[in-house]
Amino acid sequence: MMKIQKIMVIGAGQMGSGIAQVCAQSGFQVVLNDLKDEFLDRGLGVITKNLTRQVDKGRMTEADKDQVLANITRSTNLQDASSVDLVIEAAVENMEIKTKIFEQLDEIAPKETILASNTSSLPITEIAAATKRPEKVIGMHFMNPVPVMKLVEIIRGLATTDEVYQAIEDLTKALSKVPVEVNDFPGFVSNRVLMPMINEAVYTLYEGVATKEAIDDVMKLGMNHPMGPLTLADFIGLDTCLYIMEILHEGFGDDKYRPCPLLRKYVKAGWLGKKTGRGFYTYE
Ligand code: CAA
């Protein structure tokens, strides 16, 4: 059985830093990789802030926090993949970039190393085809915010072996997360169900059925969702929502996946949600 001890996380953004934190907190050695030192600084800053909050709340000692931080080493060189058992890629959602990263990883990493992608919407089978080890390529889709959300959607590519699936399922449990197995189709399960709901919420706003606050209240108070769909869209990023809807629309061809024109308009305006200070709502 494959033993995973050392994990490289590629990308120190919102998802990558969360994944690195969770792995380090569970005692794994983590190599956090990004293109520039300033990106690593920012990611490690977020991790440190999250851990400090745990210490302040009495859930973690200062010594534990130091240990977690000591489990993470910095890297701006993909060659560092030569000493890891698993790579979890959380770079930008762009097929060309991901393919290039996987091609390089395939050259650098030991032949036993599993190559996972945190992609939320790109086909694992196609990413795997960029390597000479498609049987060791798998999707490991964490949810945002990673330290809080229990789910890891594990996506089997066409060639992924049972042994590799099992190793990733075991790892997910070791991270105190809950694995759910899915096959490789557009949007997997999470975004195939979530994004059409968000898109439909945008259509109800577009058609003047109700105000944004009313739409969010219906889903929050009526369906017990922690956030309304328009707030959640702002939180995910409207560009990401549009991008995933387009993948669903292209992948299935069905009109039910057609992105709402209002969603396109907001993205064109640069109103991308929380990260730009304005989406359906405005943020400080
Ligand atoms: N990082 C770390 N911890 C965070 C956090 C973050 N970014 N945001 C919130 N938390 C923690 C808080 O510290 C707090 O912890 P304690 O209870 O231990 O103090 C806890 O989460 C609750 O936070 P708040 O009280 O501030 O606020 P809340 O009760 O509204 O919870 C939330 C925040 C967990 C984000 C909640 O609103 C929620 O569950 N929202 C929906 C999230 C969701 O749907 N995520 C999936 C997005 S889709 C995706 O990720 C997949 C994709 O491919 C697009």
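This is a predicted model: local features need pLDDT of at least 70, side-chain atom pairs count only at pLDDT 80 or more; totals for chains, interfaces and linings use all residues.
Residues are numbered from 1 along each chain as its sequence is written, and side-chain values use heavy atoms, with hydrogens and water left out.

UniProt positions are given in the numbering used here, feature names are shortened, and annotations may be inferred rather than shown by experiment. The span 6-184 is 41% helix and 22% strand, and its end C-alpha atoms lie 26 Å apart. Helices (H or I, at least four residues) and strands (E, at least two) are DSSP runs, numbered from the N terminus.

The unreviewed UniProt entry also lists residues under "binding site", among them Ala 12, Lys 98, Ser 120 and Asn 144. The listed residues are spread over 265 residues of sequence, and also in space, up to 22.8 Å between C-alpha atoms. Two of them can be followed into their surroundings. Ala 12 sits in the loop between strand 1 (6-10) and helix 1 (14-25). With a relative accessible area of 6%, Ala 12 is buried; buried means under 20% relative accessible area, exposed over 50%, and partly exposed in between (1.4 Å probe, protein chains only). Leaving aside neighbours within four places in sequence, Ala 12 is in contact with residues including Leu 32, Asp 34 and Gly 43, where contact means heavy atoms within 4.5 Å. Lys 98, in helix 4, has a relative accessible area of 0% and is buried. Not counting residues up to four places away in sequence, Lys 98 touches Glu 93, Thr 119 and Leu 122, among others.

Helix 4 (residues 95-108) also holds Lys 100, which counts as exposed at 53% relative accessibility. The C-alpha atoms of Lys 100 and Thr 131 are separated by 9.7 Å, with the two residues 31 apart along the chain. In the loop between helix 4 and strand 5 (114-117) lies Glu 112, partly exposed with a relative accessible area of 47%. From Glu 112 to Arg 264 the C-alpha distance is 43 Å, across 152 residues of sequence.

The second largest pocket comes next. On a 1 Å grid over the protein atoms alone, a pocket is an open set of points where a 1.4 Å probe fits, with protein on both sides within 12 Å along at least five of seven lines; lining residues have an atom within 4 Å of a point. This pocket holds about 280 Å³ of space, a volume being the space filled by probe spheres set on the points, which are joined across faces, edges and corners. Its lining has 16 residues, and Leu 122, Pro 123, Asp 184, Phe 185 and Pro 186 lie nearest its centre. Helix 10 (residues 238-252) provides the largest share of that lining, four residues.

Leu 262, Leu 263, Tyr 266 and Val 267 are buried in helix 11. They cover an arc of only 140° around the axis, so they fall on the same side of helix 11; the arc is that of the directions from the helix axis to the C-beta atoms. The cover over these buried residues includes helix 7 (190-206) and helix 10. Exposed Lys 265 and Lys 268 are carried on the face turned away from the buried side. Just after helix 11, Gly 270 takes a positive phi of about 80°. Helix 7 contains Asn 191, which is buried at a relative accessible area of 5%.

Some backbone details complete the tour. The peptide bond from Asn 144 to Pro 145 is cis, with omega near -5°, and Pro 145 lies in the loop between strand 6 (137-142) and strand 7 (151-156). Ser 176, although not a glycine, has a positive phi of about 60°. Ser 176 belongs to the loop between helix 6 (162-174) and strand 8 (178-183). Asn 224 likewise is not a glycine and has a positive phi of about 60°; at 68% relative accessibility, Asn 224 counts as exposed.
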